[in-house]
Amino acid sequence: MLKLVHVTDPHLRPEGELVLGMDPAARFQQVMHSVSRRHGDADLLVISGDLTDRGDVVSYKLLRDCLKEIPISVRLLLGNHDKRDNFRAVFPEARISPGGHVQAVDDFGDVRLVYLDTLGEGRILPGQRSAIGRLDEDQLAWLKEQLAGACERRVIIFMHHPPRSVHVPAFDDILLADRDRFWSVVQDAGNVEHIAFGHMHLTMTGRWGPVSFSCNRGTCHKIALNLDDRRIDWVDGDSTYDVILVDEAVTVHHVDRVGPITVTGFEIPTDDGSPTVLQKPKDATSVYI
């Protein structure tokens, strides 16, 4: 069993600065405590972009400090709010693909994880919004090579921008811009099983043909689901992350609340499978998620 933790969109600012009235650093740290406490046995933690809100060095240094006590390996991806040069200045050990993009692969048995850098920094065309995602020709060539080199391994791709519409009008013009070429590479390879991304500030799962996908709404601000028009309502909500389990299938568990939660009842399964009885705790107790 391969166990992955997927966190996205921390939008960190220098400590004490707020985003839409929320403290992104405090919320991200709460998620890191939860991951360490509940899922310290995971094989990998992947944070899929918008690591910071403005791409500043101070916020990347804060990110580095927040990750110091994490007991598992971490992979960092870039999103449209990030700045590649500032990120690389604070994380010089980050693996880089040809062309200077923050991309890499990891192999775990029969599974290959591919991390894509969809930050369109410096590649925005007139009339396009800066939040759009992009993959250069060299990145697509690199992706094709990594998929071909996976041999018999199944592939999971992590990226910031979704590579296809999820029918939320406000985001339809800030998806990955190179979708047709991306899917051409993926379909030709035939070994991509799942794609995990962020950017949307919504949680969702689904399937594009044979490829399943998951998106987490992030650790800070989220949006209210609106399928009717382009209005975005930013709302408060609990910090979240996903736990992805990979065996013969891909299972995504969504953790939609972190911190202490009141226990209202409990059951303990019996070894012989006989019925259990719902019990109420004698005193008010909490579990930490």
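The buried residues of helix 2 are covered by, among others, helix 1 (24-39), strand 3 and helix 3 (84-90). Here helices (H or I, at least four residues) and strands (E, at least two) are DSSP runs, numbered from the N terminus, and buried means under 20% relative accessible area, exposed over 50%, and partly exposed in between (1.4 Å probe, protein chains only). The model is a predicted one, in which local features need pLDDT of at least 70 and side-chain atom pairs count only at pLDDT 80 or more, while totals for chains, interfaces and linings use all residues. Residues are numbered from 1 along each chain as its sequence is written, and side-chain values use heavy atoms, with hydrogens and water left out.

**Helix 2**

- Within helix 2 (residues 57-66), the buried residues are Ser59, Tyr60, Leu62, Leu63 and Cys66.
- These residues lie on the same side of helix 2 because they cover an arc of only 155° around the axis, where the arc is that of the directions from the helix axis to the C-beta atoms.

**The chain as a whole**

- The chain contains 5 helices and 15 strands, and its C-alpha atoms fill a box of roughly 65 × 45 × 45 Å, taken along the principal axes.
- The radius of gyration of the chain is 20 Å, which agrees with the value near 19 Å that a compact globule of 289 residues would have; this radius is taken over C-alpha atoms, and the globule rule is 2.2 Å times the number of residues to the power 0.38.
- Of the 289 residues in the chain, 51% are buried.
- Among contacts (heavy atoms within 4.5 Å) between residues at least 6 apart in sequence, 66% join residues at least 24 apart.

- The largest pocket holds about 340 Å³ of space.
- Of the 15 residues that line the largest pocket, Val74, Arg75, Leu76, Glu93 and Ala94 are the closest to its centre.
- Strand 3 (residues 74-77) gives the most to this lining, with 4 residues, and the lining as a whole divides into 10 nonpolar, 1 polar and 4 charged residues.
- The second largest pocket holds about 220 Å³ of space.
- Of the 16 residues that line the second largest pocket, Asn80, His81, Phe171, His201 and Trp234 are the closest to its centre, and by class this lining has 7 nonpolar, 6 polar and 3 charged residues.
- A pocket, on a 1 Å grid over the protein atoms alone, is an open set of points where a 1.4 Å probe fits, with protein on both sides within 12 Å along at least five of seven lines, and lining residues have an atom within 4 Å of a point.

**Single residues in loops**

- Thr219 sits in the loop between strand 9 (211-215) and strand 10 (222-223), and it counts as buried because its relative accessibility is 0%.
- Not counting residues up to four places away in sequence, Thr219 touches residues including Val7, Asp9, Arg27, Phe28 and Ser239.
- Leu20, in the loop between strand 1 (2-7) and helix 1, has a positive phi of about 50° although it is not a glycine, and at 52% relative accessibility Leu20 counts as exposed.
- His199, in the loop between strand 7 (192-197) and strand 8 (204-208), has a positive phi of about 75° although it is not a glycine, and at 4% relative accessibility His199 counts as buried.

Methods
Points joined across faces, edges and corners; volume = space filled by probe spheres on them. Nonpolar A, V, L, I, M, F, W, Y, C, P; charged D, E, K, R; others polar.
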